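Hi,

Here is the structure I promised to pass on. Have a look at it first, and then read my notes below.

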Amino acid sequence: QTFNTTNVTKQCPDAQCLFAFYGGETAYHKYLIVLQFFNVFMFFWLANFVIALGQVTLAGAFASYYWAFKKPDDMPAFPLFSAFGRALRYHTGSLAFGSLVLAIVQVIRVTLEYLDHRLKAAENKFAKFLLSCLKCCFWCLEKFIKFLNRNAYIMIAVYGTNFCTSARNAFFLLMRNIIRVAVLDKVTDFLFFLGKLLIVGSVG
């Protein structure tokens, strides 16, 4: 408001008065970091919930085919829509809880990445080493939780149990068949890769 009335433009002809922002002392500005943290957390939670809903829907559709005694008489008319409806009606809480656990770990990983970015200029070797160890541990934890969640969602779709019971049953089932799981996981990953190539090639 007072820029044009001062003698700054005479002393420095290239000087400009540029608008920056309104306020700065409102509740929004005071808690901006907290709100951004909340946005990141909700983004991870909702993204993981959508992924979980898709995994339970697919597992339910596969289970309705696998457990049908007389195919296709015992199968529902629309297996995918039936599984989607069951997931929304009966398993929303389990999906929300499983995705919440994963979202918390992912937010901690983002926080560690932020701290690592802020400490890049620092010369503290011990802090960098500790941060690298924490990042590695939480990366492994996130991968393990994703793997366990996927198998827990399969148990939810097949048996209809809650998340904690399904995760426990899935974990012990995997531990009893660890060799089969490793081989089968690689085979299914390869088959999914071939399916993706086929779809991309046919669309192209």
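Predicted model: local features only at pLDDT ≥ 70, side-chain atom pairs only at ≥ 80, totals over all residues.

Residues are numbered from 1 along each chain as its sequence is written, and side-chain values use heavy atoms, with hydrogens and water left out.

The pair is Glu 142 and Lys 146. A salt bridge here is a side-chain nitrogen of Lys or Arg within 4 Å of a carboxyl oxygen of Asp or Glu. Both residues sit in helix 6, 4 residues apart, about one turn of the helix. (Helices are DSSP runs of H or I with at least four residues, numbered from the N terminus.) Lys 146 is partly exposed, at 37% relative accessibility, whereas Glu 142 is buried at 7%. For those words, buried is under 20% relative accessible area, exposed is over 50%, and partly exposed is in between, with a 1.4 Å probe and protein chains only.

Glu 142 has another partner: Arg 109 forms a salt bridge with Glu 142, and the closest N and O atoms are 2.4 Å apart. Arg 109 belongs to helix 5 and Glu 142 to helix 6, so this pair ties together parts that are 33 residues apart in sequence. Through shared partners, Arg 109, Glu 142 and Lys 146 are joined into one network.

A further link is the salt bridge of Glu 113 with Lys 135, at 3.7 Å between the closest N and O atoms. Glu 113 lies in helix 5 and Lys 135 in helix 6, so here the parts tied together are 22 residues apart in sequence. Glu 113 is partly exposed at 39%, and Lys 135 is partly exposed at 22%. The whole structure has 5 salt bridges.

Now for helix 6 itself. Residues 125-159 make up its 35 residues, and it reaches 50 Å from first C-alpha to last, close to the 51 Å expected at 1.5 Å a residue (the expected span is 1.5 Å times one less than the number of residues). Its buried residues include Leu 131, Phe 138, Ile 145 and Tyr 153. Among the elements covering the buried residues are helix 3 (32-66), helix 5 (92-118) and helix 7 (163-176). After helix 6 comes Gly 160, with a positive phi near 75°.

Tyr 153 also turns up around Ser 99 of helix 5. Ser 99 is buried, with a relative accessible area of 1%, and touches Trp 45, Asn 48, Phe 49 and Tyr 153, leaving aside residues up to four places away in sequence. Contact means heavy atoms within 4.5 Å.

From the record: an unreviewed UniProt entry annotates residues 40-68 and 88-108 as "transmembrane region". In the model, residues 40-68 are 93% helix and 0% strand, with end C-alpha atoms 42 Å apart. For residues 88-108, the span is 95% helix and 0% strand, and the end C-alpha atoms lie 28 Å apart.

Finally, take a look at Val 183 in helix 8. Val 183 is exposed, with a relative accessible area of 53%.

Enjoy exploring!

Notes:
Helix = DSSP H or I, 4+ residues; strand = E, 2+ residues; numbered from the N terminus. UniProt positions renumbered as here; feature names shortened; annotations may be inferred.
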